[in-house]
Number of protein chains: 2
Amino acid sequence: MSNTEARPLADAIRFLAIDAIVRAGEGHQGVPLGMAEIATALFTRHMKFNPADPQWPDRDRFVLSNGHGSMLLYALLHLTGYGHFGIDALKSFREMGSACAGHPEFEPAAGIEVTTGPLGQGIANAFGMAVAEAYLNARFGDAIVDHYTYAFVGDGCLQEGIGQEMISLAGHLQLGKLILCWDDNQITDDGSTSLSISEDVSARFRVAGWHVIEVDGHDLEAVSAALVMARRDPRPTMIACRTVIARGIERLQGQRGGHSGKLFDADSAAARRELGWPHAPFEVPADVLDAWRSAGRRSEDEYRAWQARVAALPAAERAEFERIQAGRLPDGLREVLEAYRRRAVDAGDAQPGITISGEINDLLVPYLPERMVGCADLEAPTGHKRSLHAFTAGDRSGAYVHCGVREHLMGAMANGMAAHGGIIPLAVTYLAFSDYERPAMRMAALMGLPVKFVFSHDSIGVGRNGPTHQPVEILASLRAMPNMRVFRPADAVEAAECWAVALDHRSGPSTLVFARQALPTVRTMHAAGNLSRRGAYVLAEADGGNRRVTLIATGSEVALALEARARLQEEGIATAVVSMPCCEIFDEQDAAYRASVLGAGTVRVAVEAAVRFGWDRYLGERGGFVGMPGFGASGPAEALYDHFGITPAHIAAEAKRHLQSNQG
Amino acid sequence: MSNTEARPLADAIRFLAIDAIVRAGEGHQGVPLGMAEIATALFTRHMKFNPADPQWPDRDRFVLSNGHGSMLLYALLHLTGYGHFGIDALKSFREMGSACAGHPEFEPAAGIEVTTGPLGQGIANAFGMAVAEAYLNARFGDAIVDHYTYAFVGDGCLQEGIGQEMISLAGHLQLGKLILCWDDNQITDDGSTSLSISEDVSARFRVAGWHVIEVDGHDLEAVSAALVMARRDPRPTMIACRTVIARGIERLQGQRGGHSGKLFDADSAAARRELGWPHAPFEVPADVLDAWRSAGRRSEDEYRAWQARVAALPAAERAEFERIQAGRLPDGLREVLEAYRRRAVDAGDAQPGITISGEINDLLVPYLPERMVGCADLEAPTGHKRSLHAFTAGDRSGAYVHCGVREHLMGAMANGMAAHGGIIPLAVTYLAFSDYERPAMRMAALMGLPVKFVFSHDSIGVGRNGPTHQPVEILASLRAMPNMRVFRPADAVEAAECWAVALDHRSGPSTLVFARQALPTVRTMHAAGNLSRRGAYVLAEADGGNRRVTLIATGSEVALALEARARLQEEGIATAVVSMPCCEIFDEQDAAYRASVLGAGTVRVAVEAAVRFGWDRYLGERGGFVGMPGFGASGPAEALYDHFGITPAHIAAEAKRHLQSNQG
């Protein structure tokens, strides 16, 4: 197939995009029109994929990082024969409930590998997929895991800081199966890229150890040749494709308005004349559609051969491969966590929260080879490396990725690993720096990816490093995020419980936060089940008569609440302590359980070394709060707890004050 | 002064740092020991500063971006004679209330230009300072504004994405007075930089158009010569200083432990022997201290000459310069906003929220020449450029910075501008992308900088671009941040009021969020004062008897609440609507005002096209909420409002349901 023969295939993408955007009344034509030849080259000649089985584990991954160009992806999925993208789906582009949403939305069964739109996320996800592939390849061999990850990327993704984080680390790790196609159209939303960038972007990649090829992005043969070279090179490759944005719409092409300027019927008509496309809207001539559908079947032989190789695997290896693909936890895991939990009750000692989490994770190593840990240059203080070794350019069997001081990439890498499948990713850093990866955490929540975001140094307990390093508002800001579960265990017992719940949770991310300081054991009695599984529970019921006060605490403050309870009980005030390691799960419990835990009619005081924001829903109009009035300060942790009044004496006083004001 | 003569000066920094860190029991010796010669070169030969007047407007700015090395800064401030940093302050390093906090904390009167610690922020602040200098230089001339901005930077700052955003844009804008000294010690917290980076960092700067000089960072003469070259070059300069981390502590130098491994008395003693420093802890020999104090006076002549030049300015120009330095708003500004507010009441039309904000800002142009606007490649849809022109490499008089798709840099740039003084910075993008700049927003709140963070596209009103672009949790996550005011005006009248309050607010940042969609005028009556100034107010009191229901709404949902009120009133249910453009200010009001607004004993229903998180503090146990259950969806805005039940009918039904359940 020459450039001439391929032209109608590329134009089929163009006109499906134009027709859908004209019909919707809005959309972004710049990418589908500018990258039509590049997409045609990739999908008709290079991509390994099977529309009949979109989730084929060894498919090549394709990420449209410039997600605003979503019609490019939908057109490709339609043309190659993915079932979710019939012509009616394209006709409903941007309507409620359409498979063709404004930006691509994660739906691997439909052929959408990852949600994109917020710039830079997609290429960082692709990076994570390439790491996952390399790791699984090392584990299962070329016969079972051996695929490329392709990403299309625009100028915006490469201006975002996360873009450089990805370039830098992908070069360092020499991820040779990661291939980017840069839509070098010299236009962003504001107009010419010369408004905001002067550098030679290709040189930036070369400096970081990438293989860079520069081509005319409208020359399908040249793009195809570049893809061949890219696949052969041991370095990650960036193909800089010089393109004309919105090519085909004469009024807008090559200009600012090409990005997403409104398209009219007249534009569509003019483009049809200009490109010689006499077909009606949404009509793809049979020969062109046939060529595309045949491209959609191009990997069928490879697919069958791969299936045969999997079938031929030794039974145990096959079962293991299928287990991790399905995301099923291995046998024995629950028992390990349960045994740890029991030992923690018996040991009853105090350990730094983050050390506990590291210890638990270390126990899981033999059971969870699919777990990979990324950490942003805080290996020692976050303690989640231990018996793992590093994933490097020379050793793909390591499960620990030294991400450098690149939190944002780390989070998005974890998302890419989870979206790839076969990996349980952890992303580890200090809680104060979670803001750096928050855009990626939001994407995990939106996609419902089972990423575990692990944080240490969770409060003023950080101490002398001061307010920059002391989270006070971050628990609240993460709890505000839909579909994100935030766990803050009180001790080693709850830590094991929370890890068990988080590992079981597959429909969304979990955030686990741990104290830097020692957590005394508060769960001193053996419990039959996992008490954290309901989000909150009565840790110490009131003694002597009806409960009058309920102290609700999390993490390191549970021990303080227990001490406050002792003081109140001494004064004859029947007081219970509720430990609430996970608000989100508690909120899902039935009303009767919630009322029994919170104690209807009692004075409630919440205790957390953080801001009050979000706590009032448990407190009612009679409630109190002991926590942080604002940002922290630099000083020893104990001095800070005293200074801010997060002490048993103050908790008890607050409870009494509210008892009195309610009685008054 | 030769290298040999200067050595005791550098060693004075080293031993003050060692002594303070040993005494505190923790700290980061890597930077002060590794950069002692660089700091000595800069402060004794190049920096323009005056310890007797730390806030001299035309001083050179110094930013310690690798803020964990705080003892370097404290030692410099002590040695050069800044009043806040007597030897007792150094002895209390990392104690509660010490001027020597774990990380440097913004205190310009003390000589600390900006809070640093979270990596990458400092160099981006320095970038903002350099933009501010260039703009003010263009406005007031070399005689009044003409200074350099120096930043020390470690590997971490340059691994962070924001670091590259800064490199790229500073190169593009050719900020020739921005000079970085990179502490190229090849060590990060995890160990060798080779764990996570392979690229030639200097080359990365060169690609972006920087002037790069590579020197031995322990050769004071070489560093000093590089600083001379840096100041002469029209490009921004990065001096790559090859250093040995923790140089002087033989046990740790050049190694991972050099960063912050615990120092003992024995290390201190060994270093004293090694470097020939026989002096007691915290003792600086008189000749060395004299040399340093004399360096602290090196700019005295320049200072006096500058004062004379300012005094000689025409009166109006001098008054204007002093006004912007003091951060005082100009005469006439309030009247402009008030006139706009009155016109908006009379006009009573519906306009997109963000258009309103753009219109207001346009009116302010002649009054606020000190205002600079940064925007992350969304000039057109956010509408805050209008009569401003761009700040470019060739034209420093422009007040609009095309930041490119670099939100994080934009936010930190705004912080640097505000910290510099003489500038009122706005940072503008979509609300969904605020997460990208959140680490900078947190720093603004922590420092109490009067930055205006402006966001458009504030809810599902975004429509078809879908959930990636629809904030639902972001209002809550920003409201959770201490010292951050979040404004969400309901119409043009409130927008003018909120802008007036935000411009008056000098002790912290303000976030102003605006709808993409049209906001009908809800303030149809003239009010005597600025009703938004108390955060919330009764927009429509209940008719006919005691108020039974209070609907509390913000932004675009206020109009829906008014429609719901009409329905309820029709059914004889006395209903008030409270508009709450700023929760934080409302929370500061006295209890009587709050009770009068919220309506004691009424059923309260909050209405906001966002999550409920944080609203319960206004609702009590009888309250209801109409808003978003989670993330949004892709579809037309009106369809989304219907789909999620954010409609007058549903609001009214929710109020009735709660009335019934409370009566039941």
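A polar contact is a pair of N or O atoms within 3.5 Å; within protein, one atom must be able to donate a hydrogen and the other to accept it. The exercises below apply this to a predicted model.

**Exercise 1. Which side chains form polar contacts with the side chain of A:Glu199, and at what distances?**

Solution. 
- Step 1: locate the residue. A:Glu199 sits in the loop between strand S5 (191–192) and helix H9 (201–207) of chain A.
- Step 2: look within chain A. The side chains of A:Glu199 and A:Arg204 make a polar contact of 2.7 Å.
- Step 3: cross to chain B. The side chains of A:Glu199 and B:Ser168 make a polar contact of 2.6 Å.
- Step 4: test the cut-off. The limit is 3.5 Å. The values are 2.7 Å for A:Arg204 and 2.6 Å for B:Ser168.

**Exercise 2. Is A:Glu199 buried or exposed? List its contacts beyond its neighbours within four places in sequence.**

Solution. 
- Step 1: take the relative accessibility of A:Glu199, which is 9%.
- Step 2: apply the threshold. Buried means under 20%, so A:Glu199 counts as buried.
- Step 3: list the partners. Leaving aside neighbours within four places in sequence, A:Glu199 touches A:Arg204, B:Gln164, B:Ser168, B:Val207 and B:Ala208.

**Exercise 3. Describe the interface of chain B and chain A by residues, area and polar pairs.**

Solution. 
- Step 1: count residues. Contact links 98 residues of chain B with 99 residues of chain A.
- Step 2: give the area. About 8100 Å² is buried between the chains, and carbon and sulfur atoms give 56% of that.
- Step 3: count salt bridges. The rule finds eight across the interface. One of them pairs the side chains of B:Arg438 and A:Asp435, at 3.0 Å from N to O.
- Step 4: count polar contacts. There are 54 residue pairs across the interface, with both residues at pLDDT 80 or more.
- Step 5: find the top contributor. On the side of chain B that touches chain A, helix H19 (residues 434–447) of chain B gives the most, with eight residues.
- Step 6: sort that side by class. It has 39 nonpolar, 33 polar and 26 charged residues.

Conventions:
Residues numbered from 1 in each chain as written. Chains lettered and ligands numbered in written order. Predicted model: local features only at pLDDT ≥ 70, side-chain atom pairs only at ≥ 80, totals over all residues. Heavy atoms only, no water. Contact = heavy atoms within 4.5 Å. Buried area = accessible area lost by both parts, 1.4 Å probe. Salt bridge = Lys/Arg side-chain N within 4 Å of Asp/Glu carboxyl O. Helix = DSSP H or I, 4+ residues; strand = E, 2+ residues; numbered from the N terminus. Nonpolar A, V, L, I, M, F, W, Y, C, P; charged D, E, K, R; others polar. Buried < 20%, exposed > 50% of the residue type's maximum accessible area, 1.4 Å probe, protein only.
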